[in-house]
Amino acid sequence: PQSPLASNLDAAGEALSIALANPETLIHAATALADIPGVEPQRRLADTFLDPSIAADARGQAGAQLVRSIQRFGPLLTGRQEQRLVELAASETDPALHSAFSAVIGTLKPAPSAAGSRLRDFQPIAAPASNSPQPDTSR
């Protein structure tokens with residue numbers, strides 16, 4: 001942020017935010033946006049990750065980049081975005097996206113009481129049934 005290139009980063013952030021709206025450039029834009037410090041880039045990544053109209057694989061990539069941004073610059077999301085993360089994580093049925101939600105929420109480093117509450121409420125997604133025989137544990 002103190003760099004002479006800071007104004008260029010702001011301009012790049014605006015262009016990358018526009019690129020997030022295009023399915024062909026979303027993943028690349030999210031990757032680049034995660035490297036830009038500041039509130040707006042991180043919040044735009046969160047909005048992309050939270051948007052159910054976006055394909056699951058692209059949302060998962062946006063979630064991974066959101067984790068990277070939070071790790072690098074600290075959590076800069078709004079309270080509403082954090083609340084939506086928790087709400088959508090609880091209802092997500094896609095295992096990959098469910099894991100992405102868990103990663104983002106874990107990266108936010110919530111207060112221990114909030115983390116404990118979320119862990120108590122956490123409902124893991126059942127793994128698909130396998131046709132392989134189960135070991136006999138009755139002995």
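Author: A residue counts as buried when its relative accessible area is under 20%, as exposed when the area is over 50%, and as partly exposed in between, with a 1.4 Å probe and protein chains only. By that rule, 32% of the 139 residues of this chain count as buried. Please keep in mind that this is a predicted model, in which local features need pLDDT of at least 70 and side-chain atom pairs count only at pLDDT 80 or more, while totals for chains, interfaces and linings use all residues. Residues are numbered from 1 along each chain as its sequence is written, and side-chain values use heavy atoms, with hydrogens and water left out.

Reader: How many helices and strands does the secondary structure of the chain come to?

Author: Helices (H or I, at least four residues) and strands (E, at least two) are DSSP runs, numbered from the N terminus. Here the chain has seven helices and zero strands, and along the sequence the pattern reads α-α-α-α-α-α-α.

Reader: At what angle do the axes of α3 and α5 cross?

Author: An axis is a line fitted to C-alpha atoms, for helices over the stretch in contact, and angles run from 0 to 180 degrees between N-to-C directions. The axes of α3 (residues 39–50) and α5 (residues 79–91) cross at roughly 25° and come within 11 Å. Angles under 35 degrees count as roughly parallel, over 145 as roughly antiparallel, 65 to 115 as roughly perpendicular and the rest as oblique, so α3 is roughly parallel to α5. A crossing is left-handed if the near helix is turned anticlockwise from the far one by less than a right angle, and right-handed if clockwise; that of α3 and α5 is left-handed.

Reader: Which residues make the contact of α3 with α5?

Author: Contact means heavy atoms within 4.5 Å. From α3 the contact involves R43, A46, D47, F49 and L50, and from α5 it involves Q81, R84, L85 and L88. For the classes, Ala, Val, Leu, Ile, Met, Phe, Trp, Tyr, Cys and Pro count as nonpolar, Asp, Glu, Lys and Arg as charged, and the others, Gly among them, as polar. This contact has five nonpolar, one polar and three charged residues.

Reader: How do α2 and α3 cross?

Author: Their axes come within 10 Å and cross at roughly 145°, and the crossing is left-handed. L26, A30 and L33 of α2 meet P41, R44, L45 and T48 of α3, giving five nonpolar, one polar and one charged residues.

Reader: What describes a pair of aromatic rings?

Author: One gives the distance of the centres and the angle of the planes. Rings of Phe, Tyr and Trp (its six-membered ring) pair if their centres lie within 6.5 Å, and planes under 30 degrees apart count as stacked, over 60 as edge-to-face and the rest as tilted. The count here is one aromatic pair: the rings of F49 and F101 have centres 4.5 Å apart and planes at 40°, so the pair is tilted. F49 in α3 and F101 in α6 (residues 95–107) are 52 residues apart, and the pair thus links distant parts of the chain. F49 is buried at 0% relative accessibility, and F101 is buried with a relative accessible area of 0%.

Reader: Is A34 buried or exposed?

Author: A34, in the loop between α2 (26–33) and α3, is buried, with a relative accessible area of 1%. Leaving out residues up to four places away in sequence, A34 touches L45, Q65, R68, S69 and F73.
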